[in-house]
Structure formats: structure tokens, C-alpha cells
Amino acid sequence: MNLCGKPQARSNFIIEKIDKEFVLFNTENLEIMYLNQSAALIWSLMNGILTTQDMIDLLIETYPEAASEIRTDVIETMQRFLERDVIQFI
Amino acid sequence: MSSLCTREVVFAGSRAVIECDGLIARRICDFIIPPDADRGNETTQSSVSFFLSANNSGNFSLFQNDELIWKGTDSGYLAEKFLSQLCWYFADRCNNGLLFHAGAVQYQENCILIPGKCGSGKTTLISWLVKQMGCKYLTDELVFFPFGKKVVQSFHRPLHLKKASLPVIQPFLDVDRIEEKYHISCQFSDLIAVPGNYSGESQIRKDTLKVILFPQYQYDSSVQWSSLTAAETSFHLMQNLVNARNLEGYGFSETTRLMNKVQGYLFTYSSFNQIYENILRVIHTEKKHT
């Protein structure tokens, strides 16, 4: 995965935040997705400005105790988002 | 008993008027929509008519809005076809609330919702909950949450048991089977049956909904039991919203709002012994989320 890409969520979603988790509804294919806390946090950072590497750095700065898992978590989550076609890189 | 009858049922904003001609047609109607069933008195936005006929030669016909939609010689299949058309109509027209493909039972004051796709084991689990756990039967098919109201409507109908579920449910089967009580053949159809413990209620208070169970029966599997977060519960429940296409924003926000005071559980099982302790615990569950 190109860590210099700037991920952005596609616009065809209705998002409901429940506690610290998200449920997404894709209005094009009517699929529903559940995001746990960490996936929801990653989703929240995708603003089309931050690169994937920026997001990893920001999360490591915020949660230094989890630094060893954060890089893998972010990349795997991004890959899942790409597979489900819920994000695009700009 | 006259062989002619007319019935009316109101559910989820629609009205159905059913006319029957012929003794067996009337028996089917009596069975599916008992004469003393709560017909509802809400304002309706759409209506449909059904006509069930049975002649002395053993031929049956089903009309919907004067159009012939089925004819044949199996009375059980007529019952099953009529029931499915009725449910389909209610789901197709409903736009004034959330309509879920779900069963429901009542335990003491609380309502337990049991959503699930066909074949997930909803009816089998409901039969067991009614017989073994002392729950009252509400429905095994449709539950309606009208917008802006504090009540939930369940579509009152007989249990619709798949023949494949019989080995599982046989030890707990405490029902009047349509074949035995109403002398209606089920040679080619699934079994339709009345549970022993009807609630008698078609409307219950929304705030009595405390627990949502998502069962998945799987032959010979070990038990897997998960408590769900509110978001996970919403995710699973949304997949059983049958009238989403009729609702603003697909009813997504309204569905998630239901999660406020509800605890969801997802489980896979192959025998009731595996889930007995967990079910016993959750049906006594009070509010989990605040």
C-alpha cells in the first residue's frame, strides 16, 4: 500500500455513530458495514488531507503504548476499506 | 358453519380484506386470522383484497385484488401461499415505521425480538422459548415499530415451521398442527401450527423491548455466543429491515435509535441444551445501555 496516498471516504454513505463505534450504510449498493472503535477512529481521520503515513504517525503520538500494532492495524483497515470500495485515494 | 366468511386485518399501515368461499377455505381463514383476532383500528394508507375459494372437487384458488395468483389441490399450500402473500403485501406498502423480519416473544413484562433471515431458526427458537422458557408468543414473522408511537405491533399469525426443523423441535412441539386440528393437508407444504401459549396481544409498549437475539442454527456445531455492542446490534438488525426502500434515509437512523436501551446477542448453536443457561440469563436482563 502506498502510504503517501491521501485516503478519503466516499460520499455515498449514511453514518451512524453509536458510542465509539460506527455503522455505515452504503446508499448505492445498500450494504451495511460495522466499524469497531479502532476502525471508526481511522475512518474519522480520513479527510483527504492526511496521508496514511500521517495517520499512523498521529495515532502513534496519541497512543505510544500501542505503537507496535498501530501501523499494521491502519494498513489492514485501509485494505478492508479498499476491498469494500468505501474509500478513494486522492 | 357457513362456508362464507369475510375477515379484515390491519397491520403496519395497511388493511387486508379476506373473503372465503368453501368450507376448507373458511377453515384456513379461521386458522390464519382467527375470528377473535385483534384486527387493529389504525388509519391505513393502502388496502388489498384476497379471495380464497374451495370447491367440492378439491380444487383451490387464491385471488389477490381479483387476480388469480394460485390454483391447485393442496390445501396446506393454499394456506402457506395466502400467508406469504399477506406478509409480502404488508412489507411492500409499509412506509410509516420500521418493519422488521423478526419474531417476538414476551417474557413477563419484557419483549424479546428475534430477527433473522429465512432458515436462521427463528421459529424453532420461538417454539422452544414458548414451550420451555414460559414465554408468550407474539409473532414469528413481522414486527412493526410505527414512527412517533410508543408501541410495537406484532403480526399475529400461526407459527410457520419448516419440515426440516421438526427433528429439532419435535421434543418441544406443543402445538395444534393444522393437519390435526383443521384437517388441512400439508403434504407438499411446510407445517403451520399454533403455539400453546399465545400472548393474545398484538401491541406492546416499545420500552419493554430489552433484548434482541440473533440466532443461527447450524447442524452439529458447537455453541458460539457473543454479546453485541449497540453498533453491532444495529448492524445486524438493519439487515432485517424489510421496508428500508420505502423510508427516508432507508430507516437507518431510526433503526440505530432503537438501540438505546437494548442488548443484542448473536449465537450459533445446534441444540437447545447449549444455549439454555445463556438464554435464562438474558431473558432476565434489564437495561444495559444508558
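Two residues are taken to be in contact if their C-beta atoms, placed from the backbone, lie within 7 Å. By this criterion, and not counting residues up to four places away in sequence, Leu52(B) touches Ile18(B), Cys20(B), Ala25(B), Ile28(B), Cys29(B), Leu62(B), Leu78(B) and Phe82(B). The model is a predicted one, in which local features need pLDDT of at least 70 and side-chain atom pairs count only at pLDDT 80 or more, whereas totals for chains, interfaces and linings use all residues. Residues are numbered from 1 along each chain as its sequence is written, with chains lettered from A and ligands numbered from 1 in the order in which they are written.

Leu52(B), together with Ile28(B), Phe82(B), Phe90(B), Leu99(B), Ala104(B) and Val105(B), touches the most other members of the largest nonpolar core, which has 103 residues. Such a core is a set of buried Ala, Val, Leu, Ile, Met, Phe, Trp, Tyr and Cys residues joined through C-beta atoms within 7 Å, a residue being buried if 20 or more other C-beta atoms lie within 10 Å of its own.

Between the chains, 14 residues of chain B are in contact with ten residues of chain A. Helix α6(B) supplies the largest share of the chain B side, six residues, and the residues of that side divide into seven nonpolar, six polar and one charged (nonpolar: Ala, Val, Leu, Ile, Met, Phe, Trp, Tyr, Cys and Pro; charged: Asp, Glu, Lys and Arg; polar: the others, Gly among them).

Within chain A, helices α2 (residues 52-62) and α3 (residues 67-83) pack at an angle of about 145°, with their axes 9 Å apart (helices are DSSP runs of H or I, at least four residues; axes are lines fitted to C-alpha atoms over the stretch in contact, and angles run from 0 to 180 degrees between N-to-C directions). The contact of α2(A) with α3(A) has eight nonpolar, one polar and one charged residues.

Terms used. Helix = DSSP H or I, 4+ residues; strand = E, 2+ residues; numbered from the N terminus. Buried ≥ 20, exposed ≤ 12 C-beta atoms within 10 Å, placed from the backbone.
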